[in-house]
Amino acid sequence: MRLLDRYLWRELLVPLGYCLGGFLMFWVAFDLFGELEGLQEYKMRAGDVARYYLVRTPEFLVMVLPIALLLALLYTLTNHARHHEIAAIRAAGVSLWRLAAPYFGVGLAASIVLFALNEFCVPGSADVAERIKFVRLQRQQDQAERHLIRNLGFTNTRDGRRWVIPVFNERTAEMSDPQVFWKLPDGSDIWLRAARAIWTNEVWMFLNVREFRGGGGHTNSTLVPGLQTNMLTMAAFSETPDQIRSEIKISNLLSLRKARKADVPIFEILDFLRLHPNPERSHRLWLYTKLHGRLAAPWTCLVVVLIALPFGAASGRRNIFVGVASSIFICFTFFVLLQLGLALGTGGYMPSWLAALFPNLTFGIAGLWMTARVR
(Lines give C-alpha, C1' and ligand atoms only; values in the text may rest on other atoms or scores of the structure.)
Protein backbone atom coordinates (compact mmCIF):
# COMPACT_ATOMS: atom_id res chain seq x y z
CA MET A 1 0.00 0.00 0.00
CA ARG A 2 2.87 2.40 0.59
CA LEU A 3 4.04 1.86 -2.97
CA LEU A 4 0.50 2.43 -4.26
CA ASP A 5 0.06 5.57 -2.11
CA ARG A 6 3.31 7.03 -3.40
CA TYR A 7 2.25 6.33 -6.97
CA LEU A 8 -1.14 7.98 -6.50
CA TRP A 9 0.46 10.99 -4.80
CA ARG A 10 2.98 11.43 -7.59
CA GLU A 11 0.29 11.15 -10.26
CA LEU A 12 -1.77 13.85 -8.48
CA LEU A 13 0.91 16.31 -7.39
CA VAL A 14 2.38 16.78 -10.88
CA PRO A 15 -0.90 17.99 -12.50
CA LEU A 16 -1.71 19.91 -9.30
CA GLY A 17 1.53 21.88 -9.71
CA TYR A 18 0.76 22.58 -13.37
CA CYS A 19 -2.82 23.64 -12.53
CA LEU A 20 -1.70 25.96 -9.73
CA GLY A 21 0.95 27.58 -11.93
CA GLY A 22 -1.42 27.94 -14.87
CA PHE A 23 -4.27 29.39 -12.82
CA LEU A 24 -1.92 31.82 -11.05
CA MET A 25 -0.54 33.10 -14.35
CA PHE A 26 -4.05 33.41 -15.78
CA TRP A 27 -5.35 35.23 -12.69
CA VAL A 28 -2.40 37.63 -12.57
CA ALA A 29 -2.72 38.38 -16.30
CA PHE A 30 -6.47 38.94 -15.97
CA ASP A 31 -5.99 41.25 -12.96
CA LEU A 32 -3.13 43.10 -14.67
CA PHE A 33 -5.30 43.96 -17.67
CA GLY A 34 -7.94 45.37 -15.34
CA GLU A 35 -5.45 47.31 -13.17
CA LEU A 36 -3.05 48.44 -15.90
CA GLU A 37 -4.40 51.97 -16.23
CA GLY A 38 -4.39 52.49 -12.46
CA LEU A 39 -0.84 51.14 -12.13
CA GLN A 40 0.31 53.59 -14.80
CA GLU A 41 -1.24 56.46 -12.83
CA TYR A 42 0.94 55.48 -9.86
CA LYS A 43 4.00 55.62 -12.19
CA MET A 44 4.97 52.03 -11.36
CA ARG A 45 7.86 50.43 -13.23
CA ALA A 46 8.15 46.77 -14.26
CA GLY A 47 10.00 45.89 -11.04
CA ASP A 48 7.33 47.58 -8.92
CA VAL A 49 4.57 45.72 -10.77
CA ALA A 50 6.41 42.41 -10.24
CA ARG A 51 6.75 43.11 -6.49
CA TYR A 52 3.10 44.19 -6.33
CA TYR A 53 1.86 40.89 -7.75
CA LEU A 54 4.37 38.84 -5.76
CA VAL A 55 2.94 40.36 -2.57
CA ARG A 56 -0.60 39.59 -3.76
CA THR A 57 0.23 35.95 -4.56
CA PRO A 58 -1.31 34.62 -1.28
CA GLU A 59 -4.58 36.36 -2.18
CA PHE A 60 -4.61 34.66 -5.59
CA LEU A 61 -3.62 31.28 -4.09
CA VAL A 62 -6.62 31.33 -1.76
CA MET A 63 -8.93 31.71 -4.75
CA VAL A 64 -7.30 29.21 -7.11
CA LEU A 65 -6.16 26.42 -4.75
CA PRO A 66 -9.56 24.62 -4.48
CA ILE A 67 -10.15 25.02 -8.23
CA ALA A 68 -6.69 23.72 -9.09
CA LEU A 69 -7.10 20.76 -6.72
CA LEU A 70 -10.48 19.89 -8.27
CA LEU A 71 -9.17 20.03 -11.83
CA ALA A 72 -6.04 18.03 -10.94
CA LEU A 73 -8.11 15.36 -9.18
CA LEU A 74 -10.57 15.03 -12.05
CA TYR A 75 -7.74 14.87 -14.59
CA THR A 76 -5.82 12.25 -12.55
CA LEU A 77 -8.83 10.06 -11.76
CA THR A 78 -10.15 10.22 -15.31
CA ASN A 79 -6.71 9.25 -16.62
CA HIS A 80 -6.55 6.28 -14.21
CA ALA A 81 -10.07 5.21 -15.22
CA ARG A 82 -9.23 5.38 -18.96
CA HIS A 83 -6.33 2.98 -18.45
CA HIS A 84 -8.40 0.69 -16.15
CA GLU A 85 -5.98 1.28 -13.26
CA ILE A 86 -8.77 1.99 -10.77
CA ALA A 87 -10.57 -1.21 -11.81
CA ALA A 88 -7.34 -3.19 -11.36
CA ILE A 89 -6.67 -1.69 -7.92
CA ARG A 90 -10.19 -2.43 -6.77
CA ALA A 91 -10.02 -5.95 -8.19
CA ALA A 92 -6.99 -6.51 -5.96
CA GLY A 93 -9.22 -5.95 -2.93
CA VAL A 94 -8.57 -2.25 -2.30
CA SER A 95 -11.78 -0.29 -1.63
CA LEU A 96 -12.44 3.03 -3.28
CA TRP A 97 -12.24 4.78 0.10
CA ARG A 98 -8.82 3.26 0.85
CA LEU A 99 -7.67 4.12 -2.65
CA ALA A 100 -8.71 7.74 -2.01
CA ALA A 101 -6.71 8.03 1.25
CA PRO A 102 -3.76 9.84 -0.45
CA TYR A 103 -6.20 12.27 -2.03
CA PHE A 104 -7.81 13.04 1.34
CA GLY A 105 -4.32 13.59 2.75
CA VAL A 106 -3.60 16.15 0.04
CA GLY A 107 -7.02 17.74 0.64
CA LEU A 108 -6.35 18.04 4.39
CA ALA A 109 -2.92 19.59 3.78
CA ALA A 110 -4.47 22.02 1.28
CA SER A 111 -7.14 22.96 3.87
CA ILE A 112 -4.46 23.78 6.46
CA VAL A 113 -2.50 25.84 3.92
CA LEU A 114 -5.67 27.64 2.85
CA PHE A 115 -6.57 28.51 6.45
CA ALA A 116 -3.06 29.80 7.20
CA LEU A 117 -2.96 31.93 4.04
CA ASN A 118 -6.46 33.30 4.65
CA GLU A 119 -5.83 34.29 8.25
CA PHE A 120 -2.16 35.29 8.41
CA CYS A 121 -0.99 36.25 4.92
CA VAL A 122 -3.87 37.65 2.87
CA PRO A 123 -5.04 40.43 5.29
CA GLY A 124 -1.57 41.99 5.50
CA SER A 125 -0.69 41.50 1.83
CA ALA A 126 -3.37 43.97 0.72
CA ASP A 127 -1.84 46.75 2.87
CA VAL A 128 1.69 45.96 1.64
CA ALA A 129 0.48 46.00 -1.97
CA GLU A 130 -1.09 49.43 -1.46
CA ARG A 131 2.16 50.76 0.01
CA ILE A 132 4.04 49.55 -3.07
CA LYS A 133 1.61 51.50 -5.26
CA PHE A 134 2.02 54.71 -3.27
CA VAL A 135 5.78 54.61 -2.79
CA ARG A 136 6.40 55.72 -6.37
CA LEU A 137 3.95 58.59 -6.15
CA GLN A 138 4.30 60.09 -2.69
CA ARG A 139 7.17 61.32 -0.56
CA GLN A 140 8.02 59.92 2.87
CA GLN A 141 5.89 62.41 4.74
CA ASP A 142 2.91 61.53 2.57
CA GLN A 143 3.45 57.88 3.46
CA ALA A 144 3.31 58.75 7.16
CA GLU A 145 0.08 60.66 6.55
CA ARG A 146 -1.55 57.50 5.16
CA HIS A 147 -1.42 55.86 8.58
CA LEU A 148 -3.56 58.61 10.15
CA ILE A 149 -7.28 57.99 10.64
CA ARG A 150 -9.19 61.20 11.22
CA ASN A 151 -12.45 61.85 13.06
CA LEU A 152 -12.67 58.35 14.49
CA GLY A 153 -15.45 57.60 16.93
CA PHE A 154 -16.55 54.27 18.37
CA THR A 155 -18.44 52.89 21.33
CA ASN A 156 -17.42 49.99 23.53
CA THR A 157 -20.93 48.75 24.26
CA ARG A 158 -19.62 46.00 26.53
CA ASP A 159 -18.08 48.45 29.05
CA GLY A 160 -20.19 51.51 28.19
CA ARG A 161 -17.36 53.77 26.99
CA ARG A 162 -17.57 56.13 24.03
CA TRP A 163 -14.36 57.31 22.35
CA VAL A 164 -13.93 60.38 20.13
CA ILE A 165 -10.50 60.48 18.47
CA PRO A 166 -9.74 63.36 16.07
CA VAL A 167 -6.49 61.70 14.86
CA PHE A 168 -5.47 58.05 15.31
CA ASN A 169 -2.17 56.65 14.00
CA GLU A 170 -2.85 53.05 12.93
CA ARG A 171 0.84 52.16 12.91
CA THR A 172 1.85 53.50 16.35
CA ALA A 173 -1.62 53.53 18.02
CA GLU A 174 -1.01 57.12 19.14
CA MET A 175 -4.05 59.40 19.57
CA SER A 176 -4.29 63.17 19.33
CA ASP A 177 -6.87 65.09 21.41
CA PRO A 178 -8.78 61.95 22.49
CA GLN A 179 -11.97 62.20 24.51
CA VAL A 180 -13.58 59.36 26.45
CA PHE A 181 -17.08 59.37 27.97
CA TRP A 182 -18.48 56.79 30.43
CA LYS A 183 -20.66 56.37 33.51
CA LEU A 184 -19.71 55.32 37.02
CA PRO A 185 -21.74 52.71 38.95
CA ASP A 186 -23.52 55.53 40.83
CA GLY A 187 -24.81 56.90 37.50
CA SER A 188 -22.54 59.94 37.32
CA ASP A 189 -20.92 60.89 34.01
CA ILE A 190 -17.20 61.25 33.39
CA TRP A 191 -15.60 63.05 30.47
CA LEU A 192 -11.86 62.57 30.08
CA ARG A 193 -10.03 64.83 27.67
CA ALA A 194 -6.29 64.68 26.87
CA ALA A 195 -3.78 66.21 24.46
CA ARG A 196 -2.35 62.79 23.53
CA ALA A 197 -2.72 59.11 24.38
CA ILE A 198 -0.18 56.35 23.82
CA TRP A 199 -0.27 52.57 24.31
CA THR A 200 2.57 51.49 26.58
CA ASN A 201 3.09 48.44 28.82
CA GLU A 202 -0.32 47.08 27.77
CA VAL A 203 -2.21 50.14 29.10
CA TRP A 204 -3.34 53.51 27.79
CA MET A 205 -1.38 56.51 29.05
CA PHE A 206 -3.05 59.93 28.65
CA LEU A 207 -0.96 63.13 28.63
CA ASN A 208 -2.11 66.63 29.74
CA VAL A 209 -5.40 65.31 31.06
CA ARG A 210 -8.51 67.11 32.26
CA GLU A 211 -11.43 65.25 33.79
CA PHE A 212 -15.00 66.50 34.13
CA ARG A 213 -17.72 64.94 36.29
CA GLY A 214 -21.45 65.36 36.54
CA GLY A 215 -24.78 63.60 36.54
CA GLY A 216 -25.18 61.50 39.64
CA GLY A 217 -28.63 60.41 38.54
CA HIS A 218 -29.80 63.96 37.69
CA THR A 219 -30.69 64.71 34.09
CA ASN A 220 -29.28 67.73 32.25
CA SER A 221 -26.65 68.24 34.94
CA THR A 222 -23.59 70.32 34.14
CA LEU A 223 -20.19 68.65 34.03
CA VAL A 224 -17.78 70.28 36.46
CA PRO A 225 -13.95 70.20 36.28
CA GLY A 226 -12.29 67.52 38.35
CA LEU A 227 -8.87 65.94 38.10
CA GLN A 228 -6.17 67.75 36.09
CA THR A 229 -2.75 66.13 35.64
CA ASN A 230 0.15 65.84 33.21
CA MET A 231 -0.04 62.05 33.00
CA LEU A 232 -2.78 59.51 33.73
CA THR A 233 -2.57 55.74 33.25
CA MET A 234 -5.93 54.01 32.75
CA ALA A 235 -5.47 50.30 33.40
CA ALA A 236 -9.26 49.90 33.57
CA PHE A 237 -9.62 50.71 29.85
CA SER A 238 -9.81 47.31 28.14
CA GLU A 239 -9.74 48.63 24.56
CA THR A 240 -6.51 47.58 22.81
CA PRO A 241 -4.98 49.01 19.61
CA ASP A 242 -5.82 45.77 17.77
CA GLN A 243 -9.45 46.08 18.81
CA ILE A 244 -9.54 49.68 17.60
CA ARG A 245 -8.03 48.65 14.24
CA SER A 246 -10.66 45.90 13.97
CA GLU A 247 -13.33 48.49 14.76
CA ILE A 248 -12.07 50.71 11.92
CA LYS A 249 -11.95 47.91 9.34
CA ILE A 250 -15.22 46.20 10.19
CA SER A 251 -17.14 49.47 10.63
CA ASN A 252 -16.03 50.49 7.13
CA LEU A 253 -17.17 47.15 5.73
CA LEU A 254 -20.49 47.36 7.55
CA SER A 255 -21.09 50.83 6.18
CA LEU A 256 -20.31 49.63 2.65
CA ARG A 257 -22.30 46.40 3.14
CA LYS A 258 -19.63 44.23 1.50
CA ALA A 259 -21.31 41.13 2.86
CA ARG A 260 -20.15 38.81 0.12
CA LYS A 261 -16.45 39.49 0.37
CA ALA A 262 -14.69 37.23 2.88
CA ASP A 263 -11.64 39.35 3.67
CA VAL A 264 -11.81 39.95 7.44
CA PRO A 265 -9.66 37.61 9.60
CA ILE A 266 -11.32 35.66 12.39
CA PHE A 267 -9.39 37.43 15.17
CA GLU A 268 -10.55 40.87 13.95
CA ILE A 269 -14.19 39.76 13.94
CA LEU A 270 -13.78 38.39 17.48
CA ASP A 271 -12.11 41.64 18.61
CA PHE A 272 -15.05 43.61 17.22
CA LEU A 273 -17.55 41.33 18.96
CA ARG A 274 -15.72 41.78 22.28
CA LEU A 275 -16.34 45.51 22.03
CA HIS A 276 -19.90 45.03 20.71
CA PRO A 277 -21.34 41.87 22.31
CA ASN A 278 -24.89 42.84 21.29
CA PRO A 279 -24.75 44.56 17.88
CA GLU A 280 -27.90 45.45 16.01
CA ARG A 281 -29.59 42.62 14.12
CA SER A 282 -28.36 43.40 10.60
CA HIS A 283 -24.77 43.80 11.80
CA ARG A 284 -24.99 40.66 13.91
CA LEU A 285 -26.18 38.58 10.94
CA TRP A 286 -23.41 39.97 8.73
CA LEU A 287 -20.69 39.41 11.34
CA TYR A 288 -21.64 35.85 12.29
CA THR A 289 -22.16 34.80 8.67
CA LYS A 290 -18.71 36.23 7.92
CA LEU A 291 -17.20 34.47 10.96
CA HIS A 292 -18.65 31.06 10.13
CA GLY A 293 -17.74 31.57 6.47
CA ARG A 294 -14.10 32.06 7.42
CA LEU A 295 -14.19 28.85 9.47
CA ALA A 296 -15.89 26.88 6.70
CA ALA A 297 -13.78 28.08 3.76
CA PRO A 298 -10.67 25.87 4.28
CA TRP A 299 -12.77 22.67 4.36
CA THR A 300 -13.66 23.29 0.73
CA CYS A 301 -10.49 21.40 -0.23
CA LEU A 302 -11.73 18.23 1.51
CA VAL A 303 -15.16 18.62 -0.07
CA VAL A 304 -13.41 18.90 -3.44
CA VAL A 305 -11.96 15.40 -2.92
CA LEU A 306 -15.39 14.00 -2.04
CA ILE A 307 -17.04 15.46 -5.11
CA ALA A 308 -14.19 14.56 -7.49
CA LEU A 309 -14.15 10.86 -6.57
CA PRO A 310 -17.47 9.84 -8.17
CA PHE A 311 -16.97 12.12 -11.19
CA GLY A 312 -13.47 10.88 -11.92
CA ALA A 313 -13.42 7.28 -10.69
CA ALA A 314 -16.44 5.98 -12.63
CA SER A 315 -15.46 3.06 -14.84
CA GLY A 316 -15.27 3.29 -18.62
CA ARG A 317 -13.08 4.92 -21.24
CA ARG A 318 -13.73 8.65 -21.45
CA ASN A 319 -12.07 11.58 -23.06
CA ILE A 320 -9.63 13.31 -20.72
CA PHE A 321 -11.45 16.62 -21.26
CA VAL A 322 -14.47 15.20 -19.43
CA GLY A 323 -12.59 16.12 -16.25
CA VAL A 324 -12.15 19.71 -17.42
CA ALA A 325 -15.84 20.06 -18.32
CA SER A 326 -16.87 18.51 -14.99
CA SER A 327 -14.66 20.92 -13.02
CA ILE A 328 -16.19 23.94 -14.77
CA PHE A 329 -19.71 22.73 -13.98
CA ILE A 330 -18.84 21.92 -10.34
CA CYS A 331 -17.10 25.28 -9.77
CA PHE A 332 -20.03 27.22 -11.23
CA THR A 333 -22.57 25.33 -9.11
CA PHE A 334 -20.47 25.73 -5.94
CA PHE A 335 -20.12 29.48 -6.56
CA VAL A 336 -23.89 29.85 -6.98
CA LEU A 337 -24.54 27.93 -3.73
CA LEU A 338 -21.90 30.00 -1.92
CA GLN A 339 -23.52 33.28 -2.92
CA LEU A 340 -26.98 31.91 -2.09
CA GLY A 341 -25.83 30.83 1.36
CA LEU A 342 -24.26 34.23 2.10
CA ALA A 343 -27.42 36.02 0.95
CA LEU A 344 -29.66 33.79 3.11
CA GLY A 345 -27.37 34.16 6.12
CA THR A 346 -26.97 37.94 6.00
CA GLY A 347 -30.70 38.32 5.30
CA GLY A 348 -31.65 36.28 8.38
CA TYR A 349 -33.45 33.56 6.40
CA MET A 350 -31.02 30.85 7.55
CA PRO A 351 -28.84 30.42 10.67
CA SER A 352 -25.40 31.91 10.10
CA TRP A 353 -23.51 28.64 10.64
CA LEU A 354 -25.79 26.77 8.24
CA ALA A 355 -25.52 29.51 5.60
CA ALA A 356 -21.72 29.35 5.76
CA LEU A 357 -21.66 25.54 5.58
CA PHE A 358 -24.46 25.30 3.00
CA PRO A 359 -22.27 24.72 -0.11
CA ASN A 360 -19.85 22.41 1.73
CA LEU A 361 -22.68 20.35 3.23
CA THR A 362 -24.53 20.13 -0.08
CA PHE A 363 -21.51 19.02 -2.07
CA GLY A 364 -20.17 16.83 0.74
CA ILE A 365 -23.43 14.88 1.12
CA ALA A 366 -23.81 14.63 -2.66
CA GLY A 367 -20.22 13.38 -2.95
CA LEU A 368 -20.73 10.72 -0.27
CA TRP A 369 -23.94 9.51 -1.91
CA MET A 370 -22.47 9.37 -5.42
CA THR A 371 -19.24 7.72 -4.25
CA ALA A 372 -21.26 4.98 -2.49
CA ARG A 373 -22.96 4.27 -5.84
CA VAL A 374 -19.75 4.02 -7.89
CA ARG A 375 -19.32 0.50 -9.34
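In the predicted model, a nonpolar patch on the surface is formed by Leu-108, Ile-112 and Trp-299, which together present about 320 Å² of accessible area. One of these residues, Ile-112, is found in helix α6, which spans residues 101-135. Because its relative accessibility is 54%, and exposed residues are those over 50%, Ile-112 counts as exposed.

In soluble globular proteins, nonpolar side chains tend to be buried together. In this model, the largest nonpolar core comprises 43 residues, and those with the most contacts inside it are Leu-16, Leu-69, Leu-70, Leu-73, Leu-99, Tyr-103 and Phe-363. Two or more residues are given to this core by each of the elements α1 (2-41), α3 (57-82), α4 (85-91), α5 (96-99), α6, α11 (300-313) and α12 (321-346). The largest share comes from α3, which supplies 12 residues.

When residues up to four places away in sequence are not counted, Leu-99 touches Leu-8, Ile-86, Ile-89 and Val-94. Apart from the core described above lies another one, of 22 residues, including Phe-154, Phe-168, Ala-197 and Trp-204.

Helix α9, which runs over residues 266-275, is mostly covered, with 7 of its 10 residues buried. The buried residues in α9 are Ile-266, Glu-268, Ile-269, Asp-271, Phe-272, Leu-273 and Leu-275.

Terms used:
Residues numbered from 1 in each chain as written. Predicted model: local features only at pLDDT ≥ 70, side-chain atom pairs only at ≥ 80, totals over all residues. Heavy atoms only, no water. Patch = residues over 30% accessible without salt bridge, like charges linked within 9 Å, V, L, I, M, F, W, Y side chains within 5 Å. Areas by Shrake-Rupley, 256 points an atom, 1.4 Å probe, with all protein chains shown as cover. Salt bridge = Lys/Arg side-chain N within 4 Å of Asp/Glu carboxyl O. Helix = DSSP H or I, 4+ residues; strand = E, 2+ residues; numbered from the N terminus. Buried < 20%, exposed > 50% of the residue type's maximum accessible area, 1.4 Å probe, protein only. Core = buried A, V, L, I, M, F, W, Y, C linked by side-chain atoms within 4.5 Å. Contact = heavy atoms within 4.5 Å.
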